[in-house]
Amino acid sequence: MKTILRQLIAWPLAMLASLFLSLSAQAAPPKDTFVMAKDFADIITLDPAEVFEFSGGEVIANVYDRLMMFEAEDLQTLVGGVAESWDISEDGKTITFTIRPDMTFHSGNPVTAEDVVYSLRRVIKLGKTPSFIFSQFGWTPENVDELVVVDGDKAKITITEEFSPALVLNAMSAGIASIVDMKEVMAHEVDGDMGYAWLKTNSAGSGAFVLKAWKANELVTLEANPDYRHGAPGVKRVIIRHVPEPSAQRLLIEKGDIDLARNLTPDQIEGVSGNEDLKVQADRKAALIYMAANSSDPILGNPKVVEALRYLVDYEGMSNSFLKGQFQVHQAAWPSGLWGSYDETPFSLDVEKAKELLAEAGYPDGFEVAIDTLTDSPYPEIAQSVQANLAQAGIKATITTAEGKTLWPMYRAQKHQLILAQWSPDYVDPHSNLDAFAHNPDNRPEAKLTGVLAWRNAWADDDTNAMVVAARNEPDLATREKLYQDIQKGLQSNSPYAIMFQQTEQSVLRKEVEGYVSGATFDLIFYRTITK
């Protein structure tokens, strides 16, 4: 090191300046590489049969094609992904899918009906958190081999419940409907695990990109699939850097070291708005921020206590200050702007009303409670605002923050009192959210319905369960929409939730970046259309 320093000191000043300018120029991503900074501490796995976190869902959406898809070119229309076409039986219980010809996986293996059937069966047999999306069709490890079958060169599925066929097709656009390369996965099977250990950190898809590396809390690297069915992506590689601090993201995007910053705060967005090298893209998302109370708790299980909590949230105050431009007040379980939404907002900060409700519940002097939430902004700030309002009503709250990989398993094990969290639909149908928020057919702890928010919060209501079932089975579109709106209205007064906000994502991009598509859900974010 001393020798190097002596050599640098001996260099002419002009040569040193040239060297540092050269190094600085190399910091900018190459034209064929798209670099994004994001907080992705929530990634636990990249196996599509297990992914149930936002960042992981975004990654697999770009690595795998699903049976059904919403494409980057038209985010409103459900179309075939791996499926070229489909036929629905007269009774609506059997759907037969014709597979697109000449599709190949990243390995070069052809995409076949056998791969489709294997992928769907694998979800049920592994039984990971998102498997409830398929198990609701009546599929179990014991019967799925008879209900999901190869029919010649086609894949045929049969459901045993009275579901609307439209809902079933929508569900086939969820991340767990990603089609995996059966031969590649089985080549990495260990002790009958269906490739589970291998697929957590590797990929076997046919999507626009190939997973090259995932280093937890460091980076994700994707490489373009030149043979993708829509043509080669606009960039050869995508690098996602784990940068949890918004201030660090701002510095990187302003210096030109990255092409996109995903987690800047509203004040930072305002701070870069005058920079001619940058642009801000705003996309309304379906993600909701909510607070939930564990109904198994002797205090929080009291409906009047939960009602009081809804009046101890400063919805407008937060949305007009540190959440400005990024979150709007929304108090229903299905997001605004999508079919079936319910947009009434009956709650506002009212400490006196909350005190009255607490007194009626038997807690005039309040109580102590723990709030768990994520480490990244804006969750700690929201939790602190709620904490201050709770204190005005005599409730002493402590806040614990954790990364998603720690928080979500704890939540799925019902080991919380109050939790401040986010939820986004798994597919674009109101049933996706309301089946999670409202439908809990088995409230026993041993049922382990971990993908169901109602179960996580130990809450079940027979009338609400019946309404969800009626809505999911209803063939008439207008009647179905009304049922979903009635369910949402009911949850505002009878549930363990205080639903607060709906997200608008503000992304900051370098001016030369085009084609970044960010749809309503976390898995409708597309990299293949990006150019620089």
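How do the residues of the lining of the second largest pocket divide into nonpolar, polar and charged? They divide into 14 nonpolar, eight polar and four charged, where Ala, Val, Leu, Ile, Met, Phe, Trp, Tyr, Cys and Pro count as nonpolar, Asp, Glu, Lys and Arg as charged, and the others, Gly among them, as polar.

This is a predicted model, in which local features need pLDDT of at least 70 and side-chain atom pairs count only at pLDDT 80 or more, while totals for chains, interfaces and linings use all residues. Residues are numbered from 1 along each chain as its sequence is written, and side-chain values use heavy atoms, with hydrogens and water left out.

**Second largest pocket.** Select Phe70, Gln76, Leu338, Trp339 and Val428, the closest to the centre among the 26 lining residues. A pocket is an open set of points on a 1 Å grid over the protein atoms alone, with protein on both sides within 12 Å along at least five of seven lines; lining residues have an atom within 4 Å of a point. The space here is about 500 Å³, a volume being the space filled by probe spheres set on the points, which are joined across faces, edges and corners. Strand 3 gives the largest share of this lining, four residues; helices (H or I, at least four residues) and strands (E, at least two) are DSSP runs, numbered from the N terminus.

**Largest pocket.** Next, select Asn263, Asp376, Ser377, Tyr379 and Gln503, which lie nearest the centre of the largest pocket. Its volume is about 840 Å³, and its lining has 17 nonpolar, 14 polar and 12 charged residues.

**Second largest cavity.** Now select Val51, Phe52, Gly57, Pro130, Ile133, Ala174, Gly175, Ile176, Asp426, Phe522 and Asp523, which line the second largest cavity. A cavity is a set of grid points where a 1.4 Å probe fits but cannot get out. The volume of this one is about 80 Å³.

**A salt bridge.** Select Asp32 and Arg237, whose side chains meet in a salt bridge (3.3 Å, N to O), that is, a side-chain nitrogen of Lys or Arg within 4 Å of a carboxyl oxygen of Asp or Glu. Asp32 and Arg237 are 205 residues apart and link distant parts of the chain.

**Two helices.** Finally, select helix 12 (residues 303-310) and helix 14 (residues 351-361), which pack at an angle of about 170° with their axes 8 Å apart. Axes are lines fitted to C-alpha atoms, for helices over the stretch in contact, and angles run from 0 to 180 degrees between N-to-C directions. Helix 12 is therefore roughly antiparallel to helix 14, a term for angles over 145 degrees.

Definitions and conventions
Parallel < 35°, antiparallel > 145°, perpendicular 65-115°, else oblique.
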